[in-house]
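Please open the model in your viewer and keep the selection tool at hand.

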Amino acid sequence: MAVPFAKSHFLWSFLSIFLHILAVFLLLLTTYVSAHTFSDIGSEDVDSSRRNDLYSEILRDEALARLNELGKVSDADGYLERTFMSAASLRAGNLIRCWMEDAGLTTWFDHMGNLHGRFEGMNRSAETLLIGSHLDTVVDAGIFDGSLGIISALSALKVLKSNGMLAKLKRPVEVIAFSDEEGVRFQSTFLGSAAIAGILPVSALQISDKSGVTVQDSLKENSLGITEESLLQLKYDSKSVWGYVEVHIEQGPLLEWVGFPLGVVKGIAGQTRLKVVVKGSQGHAGTVPMSLRQDPMAAAAELIVLLERLCKNPKDFLSYDDQCNDSTIESLSSSLVCTVGEISTWPSASNVIPGQVTFTVDIRAMDDMGREAVLYELSNQMYQICDRRSVSCIVESKHDAKAVVCDSELSSQLKFAANVALKRMTGEIQDEVPILMSGAGHDAMAMSHLSKVGMLFVRCRGGISHSPAEHVLDDDVWAAGLAIVAFLETHL
Ligand SMILES: NC(=O)N[C@H](N)C(=O)O
């Protein structure tokens, strides 16, 4: 009996050892196979595991709640208006400041009313990545113009804070909420970004608004005493800046047409703003014969129609001289736009021939030479009209910015980030992110004097902007935030 027992004991021992070896082998094999498989899939698999949680609470839900909250911070009842240094602008700044701190940033207001939020990252002496947009609005504005760029940057940084990556940023990142981009109060746009870029002349401090308050006074009223010296000190050292990035709603219909939530901006049209004052002879509407009138209103009407004619048909006058070649004329014709958006008369009564009419002129084109040629022609013909009508015309330049070409490398990085964001959202490789030109002006124009600039556009409904009807889809707000997260990840 003992022998079979010993035999079976031996067999059991053998079997047990064999099973142990097999188990260890299988374990090693599984470990090897899984390790091998993950390294093959790499980041794509990380993306798919994240797909269920792409920080939608922060990048979409909270961002939208903040955009709506900010959209209620207005100087007017019943519509949105926030102009440079107004009470609502200050309230908006304080609100954004809380959100900057919530994202882990150190904050301060500078002497031009810009709000800064900065995170030093792992190397505080490395060049800083600046991200920004503006907190001011036009009159009767939508809630996305400007605000979307600030909120999406803060949401993206908050995501990095929440997943522990903020501290791993290789360079300082600074978000700037610029105090003035629209130029509604003082007509001179980019007061905030131009100061930081070092291109705001000290004379800008003496520009007055309609009630005679100067830029300097408006800052002083809000305890931001600015002097010529402190203005000059606002300029950033270009060596300390890595680049400037801005997210903005497209304000045009192209992305909607092509069915894409995000686009990369290739360049921004140059722009000129003028104030035209036409002075005539004020009189009685019932007694002054038509032949004796020096009516600035009729003159202004003729000047406005002249502007429209020049801008609709630039070929008609540009082809007469040597200022532009065929391709310049072609590119000018496709991008030239001119607008008279504001007009006022004095004394403004139905039974009085006005004594004075003041109106604004806004001219934009991708081609600076062509825009200058339009200006030249306009002023020539304008003075002939004013002479013929015996009225005086004074033209004051309020703003002039040359067209800007965005940095190609930075644009490629933004394009990559946009593609990564859209892939993370949809799980699919998307078509190429569209490349667009911007007819609207942006702080990036001023910032291009300081560093390379890049911009991402976000689709808006019907291309509508500068209107309360401005609308961006919830998921497009999310896509913009995710694109900035993906862009920041390249700085980890
Ligand atoms: N993005 C904008 O709407 N910017 C301007 N202020 C503009 O006039 O284009």
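Begin by selecting strand E1 (residues 106-109) and strand E2, which run antiparallel and are joined by four bridges; strands pair if DSSP finds at least two bridges between them. Strands (E, at least two residues) and helices (H or I, at least four) are DSSP runs, numbered from the N terminus. This is a predicted model: local features need pLDDT of at least 70, side-chain atom pairs count only at pLDDT 80 or more, and totals for chains, interfaces and linings use all residues. Residues are numbered from 1 along each chain as its sequence is written.

Phe-109 has Leu-115 in E2 as its bridge partner. Next, select the turn of this hairpin: five residues lie between E1 and E2, and Gly-113 there has a positive phi of about 80 degrees.

Move on to helix H3 (residues 56-70). Its 15 residues should span 21 Å at 1.5 Å a residue, and the end C-alpha atoms are 19 Å apart, which agrees; the expected span is 1.5 Å times one less than the number of residues. At Glu-62, H3 bends by about 30 degrees, the angle between axes fitted to the seven residues ending there and the seven starting there.

Finally, select the residues around the ligand, including Asp-145, Glu-181, Gln-251 and His-442; each has its C-beta atom, placed from the backbone, within 6 Å of the molecule.
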